[in-house]
Amino acid sequence: MGVVNVTPDSFSDGGVNLEAGHAVASARQQLDQGAAVVDIGGESTRPGADPVSAEEELRRVVPVLEALEGAPVSIDTSKSEVAARALELGAELVNDVTALRGDRELAGVVAEHDAYLCLMHMLGEPRTMQADPRYDDVVSEVVRFLDERLSFAVSQGIREESICLDPGIGFGKTVEHNFELLRRLGELTALGRPILVGISRKSSLGKIMGNQDAKTGTTAASVGAAVLAYERGASILRVHDVREHVEALTAARAVLNA
Ligand code: HH2
C-alpha cells in the first residue's frame, strides 16, 4: 500500500502532495512501481496534529480521487462524509485510524458500499497520544482491542472477509511498544484477519539510530522493519517508498518460498 498525503503537515511528506496534480502523479508512480493500492489521506494523524473539518478534507482529496477514478485507491479517513464521497468515486477500502470509534455513521457507510475496511489500534488521540503511553502488556491489549473492534464492525453489517487489522505503529506507543508489537506479530495474525503494518519512515526508526528527537526514519530502516514484519505475517505494508519496498519484499518472498 503506497501513501499519498494531500496535507500541508504530514510527518514525512507534508506539503509534497498538497497540490492535486502532484498527488495524482505520486499515486500513479507508486502504482507503476508495484503498489497494489494507494492510500489517499487529507488529514495528518501525526503526534500533535490538529483535526481538520470534513469540508477541508473533501477539498483536498476529491480532485485527487476524481483524477484517479478506476485506479486501486483507499481512503485514509475517519469521517463518514469523506468516506462516502471517496467510495462513490471508486475507492475500495476505508482506512480508519479510529477503528470506527470516531464517527458513528462510518460503519453504515462501509457496510452500504460493501467496501474493505482497515481497523487500527490507537491509544488516545493524535493531539496527545505520545504523552507517556502505558500498557501492562501492549500486545495482549492491542489484540483484545482489535478483536473487539472486529466484532463491532461485523455487528454493523460489514463482512468479516473485508476487514484487515493494524497494530497502529506510533499511535500512543513508545519505541519499545512498537518493536514489541512487530516482534510478537504472530499474536495478531492469530485473530484470523490480514494484518496491515505502517512503520514506514516513523520516528521510532530514527530514534533507534541514536537521535532521540528524530521525527522520521530513513527508507533503509523502513525497508528493514517491513521485511521482518512480512516474515512475521504482515500481509499489507503501508509505505511511502514503494519501489524500494517492492524490491525488498520480492527478495524476501523468494527466500521464504525457496
Ligand atoms: N499511519 C499513518 C497514517 N495512517 N493508517 C494505518 N492503517 N496505519 C498506519 O500505521 C498509519 C495510517 C501516519 O503516517 P502518514 O500518513 O505518513 O502521516 P500523517 O498521519 O502525518 O499524514
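Student: Is Phe 152 buried, exposed or partly exposed?
Tutor: Phe 152 is partly exposed, because its relative accessible area is 28%. Keep in mind that this is a predicted model.

Student: Where does Phe 152 lie?
Tutor: Phe 152 lies in helix 5.

Student: How far apart are the C-alpha atoms of Phe 152 and Gly 108?
Tutor: They are separated by 12 Å. Along the chain the two residues are 44 residues apart.

Student: What does helix 5 give to the largest nonpolar core?
Tutor: That core has 68 residues. Helix 5, residues 138–155, gives the most to this core, with eight residues.

Student: Which residues have the most contacts inside the core?
Tutor: Ile 40, Leu 117, Leu 188 and Val 197. As background, nonpolar side chains tend to be buried together in soluble globular proteins.

Student: Take Leu 117. What is Leu 117 in contact with, leaving aside its neighbours within four places in sequence?
Tutor: Its contacts include Leu 93, Val 94 and Asp 96. Leu 100, Val 110 and Ala 153 are also among them. So much for part of the list; Ile 158, Ser 162, Ile 163 and Cys 164 are in contact with Leu 117 too.

Student: Which residues does the second, separate core include?
Tutor: Met 1, Cys 118, Cys 164 and Leu 196 are included. That core has six residues.

Student: Back to Ser 162. Where does Ser 162 lie?
Tutor: In the loop between helix 5 and strand 6. Ser 162 is buried, with a relative accessible area of 5%. The cut-off for buried is under 20%.

Student: What touches Ser 162, leaving aside neighbours within four places in sequence?
Tutor: Asp 114, Ala 115, Tyr 116, Leu 117 and Arg 193 are in contact with Ser 162.

Student: Sheet time. How many bridges join strand 2 and strand 3?
Tutor: Four, and the two strands pair in the parallel sense. Ile 40 stands opposite Ile 75 in strand 3. Strand 2, helix 2 and strand 3 make a right-handed β-α-β unit.

Student: And how many bridges join strand 3 to strand 4?
Tutor: Three, again with the strands parallel. Ser 74 has Leu 93 in strand 4 as its bridge partner. For Asp 76, the partner in strand 4 is Asn 95. Helix 3 sits in the unit here: strand 3, helix 3 and strand 4 make a right-handed β-α-β unit.

Student: How many bridges join strand 4 to strand 5?
Tutor: Four, and these strands run parallel. Leu 93 stands opposite Tyr 116 in strand 5. The chain crosses from strand 4 to strand 5 through helix 4, and this β-α-β crossover is right-handed.

Student: Which residues of strand 3 point which way?
Tutor: Val 73 and Ile 75 point one way, Ser 74 and Asp 76 the other. All are buried. In general, side chains in a regular strand alternate between the two faces of the sheet.

Student: What about strand 4: which residues are on which side?
Tutor: Leu 93 and Asn 95 are on one side, and Val 94 and Asp 96 on the other. All are buried, and both faces of strand 4 are covered.

Student: Which residues of helix 3 are buried?
Tutor: Ser 80, Val 82, Ala 83, Ala 84, Ala 86 and Leu 87. They pack against helix 2, strand 3, strand 4 and helix 4. After helix 3 comes Gly 90, with a positive phi near 105°.

Student: Why does Leu 58 count as buried?
Tutor: Leu 58 counts as buried because its relative accessibility is 18%. Leu 58 is found in helix 2. Its C-alpha atom and that of Val 82 are separated by 6.0 Å, with the residues 24 apart along the chain.

Student: Last one, helix 10. Which of its residues are buried?
Tutor: Val 242, His 245, Ala 248, Leu 249 and Ala 252. Seen down the axis of helix 10, they fall within an arc of 135°, so they line one face of the helix.

Student: What do those buried residues pack against?
Tutor: Strand 1, helix 1, helix 9 and strand 8.

Student: How does the span of helix 10 compare with what it should be?
Tutor: The end C-alpha atoms are 22 Å apart. At 1.5 Å a residue, its 16 residues should span 22 Å, so the two agree.

Definitions and conventions. Residues numbered from 1 in each chain as written. Predicted model: local features only at pLDDT ≥ 70, side-chain atom pairs only at ≥ 80, totals over all residues. Heavy atoms only, no water. Expected span 1.5 Å × (residues − 1). Buried < 20%, exposed > 50% of the residue type's maximum accessible area, 1.4 Å probe, protein only. Arc of directions from axis to C-beta. Contact = heavy atoms within 4.5 Å. Core = buried A, V, L, I, M, F, W, Y, C linked by side-chain atoms within 4.5 Å. Pairing = 2+ DSSP bridges. Right-handed = clockwise from strand over helix to strand, strands pointing away.
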